[in-house]
Amino acid sequence: MPLITRPRTRRPGLIAAGSAMLFALTAALPSANASAAPAGTPADAAPGAGAGSVVLDWYDTTARTVEAAPAPTQITNSRTWAISWLAAARATREAPHSRSRAAFQDAAVATAVHDALVALTPSRTAELDAALAASLARVPDGPAEDRGVAAGARQARAVLASRNGDGLDPASVNAPFTVPPAAPGVWQPTPDGYAPAVQYGNRVARPFLLDSPSQYRLGPPPALDSRRYRADLAEVRAYGAADSTVRTARQTETATFWYGSSLTLYTEPLRVAVARSGGSAGDRAELLALFHTALVDTQIATSDSKYTYLRWRPVTAIRTGSLGTDPAWRPLHQTPAHPDYPSGHATYAGAAQAVLDALTGSRTDPFTLTSPTAPGVTRTYTSWRALTRDNVDARVWSGIHSRTADEAGVRLGRAVGEHALRNADRLFGTP
C-alpha cells in the first residue's frame, strides 16, 4: 500500500541538482564528526570565542526564552524558532565578502534573533536586551557591526510581517473540532479525561515551504480487517499495556524517555549538530532556519493526514473494537487528544533526521541526551537515525500509537524535510 500519495523524494544525500544554495551549505557544514571547538574541548561545550560562537549563544538564549515563556501549543513554539533563525540566516547573507564579514554576521545574528524574540515573547525583553548587549560588546565597533545590526533588525521585521496571520497562534491551532459519530475505526476522545481534539487547526495553517498542507498527504491506513492492522493492534495490546508482562524494563524506559514534547527532546541533539558543524555564523544560522521551518511544515502536514483519516487510537480499538474487546485495557501513557495516523513524534523525527543527515552527516561522535519525562535517565546516541528508531518504538510501547502510524509518520516527515532541503533557495534567496 502506498503511504505517500505523491512520488517519493530522493534520499537527502542524493538530492538532485537544482538548489545550488543547498550544496554550498552542505559543503560548509562538512560532518557532525568535525568540531568547531578547540582541541581537547568537547564539541558540544558552552560557546566561547571562535567562528560561529554567537550562534550557540543565541541558540541557548532562544531555548531559554521558549522554555521560560512557552506558548501552549508546540507548533507555535516551533514557529518562534523558525521566524527568529530565518531572520538571522537572511540577515547574514547581506554580509560583505571581506575581512569584516564575520563581525557583520555576528551582529546580524544577535540582532535578528533578539528582535524576533522580543516581538514574539515580550515578557522576556529585559533578558533579551541584556543578551544582545553582551553579544555586541564582543563585536568590534565599526561600520561592519553597524550594518550587521541594521540588517538583523530589517530582516526580523520582514519575516515577522511575512508570517502575520499564518494560523499558527494557539487559538487557530486548536480550532474547535466536531467529533463524528462513533463507528469502527473513527477517532473518539480517549481515556482518561476524554479531552477535546487538539491541533485540528494546523491542517489549514500557512506553511513556510510546502505548496499546501496536503502536498505530501499519506495514503490511507490499513483496513481494519487487514493482516497488518491485526498485527499492529496485537502488538500495542501486548507491549503497550500499563500492566504489560512482555515489555522489558529497557522498553518501558524508552517509552517514558521519548514521551515528552518533540521540540524539547530535539533541542539538545540539534545543538550538538550545530556545535559540531563547521562554517560561519551564517552557515549555522541557515542550518537552524532550515531545520525549524521544515519542522513547522511537518507539523502542519501531520495534522492534514491525521484529520483526513481520523483513525481511532489503539485504546479505543482495544476497548471497543471487533478484534476481541478488552474494556479494562489501559496504555502505559496517557493518549494525546488527536487521531492515531500518523504519529506526530514520528513525523518530527523523520523530518529532523532528513535535515540533519543531509547537512551534518548521518553519524556523529557519541553525545548524551536527557529527558524531562524520565528524570535521571541518560541515553547516548551516535546517529540521528537512532533517535528516529527510538521514537517509533516508544510510541508503540507507550500504548498510544500503532506501528504503522509511526512508520508512516517517519515517511511523511522525511518527505517534508527533503522538500525543505530541495527548496532552500526559496527560503533564503540568492546569496
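In this predicted model, the count of salt bridges comes to 18.

Glu407 belongs to helix H15 (residues 403-422) and Arg228 to helix H8 (residues 227-239), so the pair ties together parts that lie 179 residues apart in sequence. Both partners are partly exposed: Glu407 has a relative accessibility of 28%, and Arg228 has 38%.

A second salt bridge joins Arg379 to Glu253, whose closest N and O atoms are 3.0 Å apart. This pair also links distant parts of the chain. Arg379 sits in strand S2 (residues 378-383), and Glu253 sits in helix H9 (residues 249-257). The two residues are 126 residues apart. Their surroundings can be read from their accessible areas. Arg379 has a relative accessibility of 3%, which is under the 20% limit, so Arg379 counts as buried. Glu253, at 27%, is partly exposed. The pair does not stand alone. Arg250, Glu253, Arg379, Arg389 and Asp390 are linked in a network of salt bridges.

Glu127 is partly exposed, at 39% relative accessibility.

Attention now turns to the chain as a whole. The chain has 431 residues, and 56% of them are buried. Its secondary structure consists of 16 helices and two strands. Among contacts between residues at least 6 apart in sequence, 81% join residues at least 24 apart. The accessible surface comes to about 16,800 Å². Carbon and sulfur atoms account for 55% of that surface.

In soluble globular proteins, nonpolar side chains tend to be buried together. Here, the largest nonpolar core holds 76 residues. Within this core, Trp58, Trp85, Val109 and Trp258 touch the most other members. Helix H11 (residues 281-309) supplies the largest share of the core, with 11 residues. A second, separate core has 12 residues, including Trp312, Val315, Val396 and Trp397.

Neighbours within four places in sequence are left aside. Trp258 is then in contact with Leu265, Tyr266, His345, Leu369, Tyr381, Leu387, Asp390, Asn391, Ala394 and Arg395. One of these, Asp390, is also part of the salt-bridge network described above.

Helix H11 also meets helix H2 (residues 53-68). The two axes come within 8 Å and cross at roughly 35 degrees. From H2, the contact involves Ser53, Val54, Val55, Leu56 and Tyr59. From H11, it involves Ala281, Arg284, Ala285 and Leu288. By type, the residues of this contact divide into seven nonpolar, one polar and one charged.

Asn202 lies in the loop between helix H7 (170-173) and H8. Asn202 has a relative accessible area of 2%, so this residue is buried. Not counting residues up to four places away in sequence, Asn202 touches Ile75, Val173, Gln299, Ile300 and Ser303.

Conventions:
Residues numbered from 1 in each chain as written. Predicted model: local features only at pLDDT ≥ 70, side-chain atom pairs only at ≥ 80, totals over all residues. Heavy atoms only, no water. Salt bridge = Lys/Arg side-chain N within 4 Å of Asp/Glu carboxyl O. Buried < 20%, exposed > 50% of the residue type's maximum accessible area, 1.4 Å probe, protein only. Helix = DSSP H or I, 4+ residues; strand = E, 2+ residues; numbered from the N terminus. Core = buried A, V, L, I, M, F, W, Y, C linked by side-chain atoms within 4.5 Å. Contact = heavy atoms within 4.5 Å. Axes fitted to C-alpha atoms, helices over the stretch in contact; angles between N-to-C directions. Nonpolar A, V, L, I, M, F, W, Y, C, P; charged D, E, K, R; others polar. Areas by Shrake-Rupley, 256 points an atom, 1.4 Å probe, with all protein chains shown as cover.
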